[in-house]
Amino acid sequence: MKQLRSNIKELKEVFEQISVRYISEFNLEIAKKDEDGIEVKNRMLERDYDVMPVISNNRIVGYVLQSELNEGTCCEQMKNIMPIDILAESTPVLDLFVLFRDRDWLFVLEGNEIKGIVTKGDLRKAPVRMFLFALVNLIEMHLTHLIRNLCKKGELMQLLTEKRFKKAEELFEERKKRNEALDIFDCLQLCDKRDTSMKKNEIYNQIKLESKKETLHCLEEIEKLRDRLAHGHDIISGTSWKDVIDLTVKMEKMIRRCEENLAIV
């Protein structure tokens, strides 16, 4: 069988070319410095905004938070924009996974001026979904490679339930009729690869995280994420951005272990 050509380094090199500009919002809703805080708060609630820039003389001079606005002018309740609140529009989208671990939004610089904003909600957009799906796909490829090289077909029958093995065989027969050059290992579903990898020590040792429990949980969450992405569902349905970001870190770690241990490049 051919060696895998895709690896995490190449994958990240591709997606690092996609900048924050492609998922940011530049048609900013703004508050005036002398506007009433309650009126602005109601406007923000209506539009589901957590943060809004404040302008004076057509320049952004600060921002207000919906959760903190009360009676009084925006000027009185405005917060200063600090360097940690800003990033350049050329920043790779992938950097947001680290930046958004501890915060929910960032203003975006276009040239030397703040022109946009990017929020955790923008991680729902196509470039991020494509990256996450590519990560899941790369893990599946590595698991298939490991199972194919470390399991015989007869052993696979023992590692899977009768129902799951039969399902793989049926799919294999269907594909053979269509003259698709595959083997039964290519007909395993992600849940089959998960169960096989957890039961076969030689495979588990290639992918393990801190513990068996954590490794199993990670694989289960990867499957759930794959299903949400494949069916166009919300990325964080039934979970949180923190959990998805943490899962991304674990997926990368798992892939790197496979590449280091088996020298897959």
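Biologist: Let's start with a strand. Which residue in E3 does Val 54 stand opposite?
Modeller: Val 54 stands opposite Gly 62 in E3. Keep in mind that this is a predicted model.

Biologist: Okay, and how do E2 and E3 pair, parallel or antiparallel?
Modeller: Antiparallel, over 6 bridges, with E3 covering residues 59–65. The two strands form a hairpin with 2 residues between them.

Biologist: Which residue in that turn has a positive phi?
Modeller: Asn 57, with a phi of about 55°.

Biologist: And what about E1, how does that strand run relative to E2?
Modeller: E1 (residues 31–32) runs parallel to E2, and 2 bridges join them. Ala 31 has Val 54 as its bridge partner in E2.

Biologist: How many residues of E2 are buried?
Modeller: 5 of its 6 residues, so by the cut-off of under 20% relative accessible area the strand, residues 51–56, is mostly covered.

Biologist: Switching topic: Pro 127. Where does that one sit?
Modeller: Pro 127 is in helix H5, which spans residues 126–150.

Biologist: Why does Pro 127 count as buried?
Modeller: Because its relative accessibility is 15%, and buried means under 20%.

Biologist: What does Pro 127 touch, leaving aside its neighbours within four places in sequence?
Modeller: Phe 15, Ile 18 and Ile 23 are in contact with Pro 127. As for Val 93, that residue is 34 residues apart from Pro 127 in sequence and 8.1 Å apart in space, C-alpha to C-alpha.

Biologist: Nice. Now the largest nonpolar core: how many residues does it have?
Modeller: It has 57 residues, and those with the most contacts inside it are Leu 96, Val 118, Leu 156, Ile 222, Ile 235 and Met 251. H5 gives the largest share of this core, 10 residues. In soluble globular proteins, nonpolar side chains tend to be buried together.

Biologist: What span does H10 reach from its first C-alpha to its last?
Modeller: With 19 residues (212–230), H10 reaches 27 Å, close to the 27 Å expected at 1.5 Å a residue.

Biologist: And which residue just after H10 takes a positive phi?
Modeller: Gly 232, at about 70°.

Notes: Residues are numbered from 1 along each chain as its sequence is written. This is a predicted model: local features need pLDDT of at least 70, side-chain atom pairs count only at pLDDT 80 or more; totals for chains, interfaces and linings use all residues. Side-chain values use heavy atoms; hydrogens and water are left out. Helices (H or I, at least four residues) and strands (E, at least two) are DSSP runs, numbered from the N terminus. Buried means under 20% relative accessible area, exposed over 50%, partly exposed in between (1.4 Å probe, protein chains only). Contact means heavy atoms within 4.5 Å. Two strands pair if DSSP finds at least two bridges between them. The expected span of a helix is 1.5 Å times one less than its number of residues. A nonpolar core is a set of buried Ala, Val, Leu, Ile, Met, Phe, Trp, Tyr and Cys residues joined through side-chain atoms within 4.5 Å.
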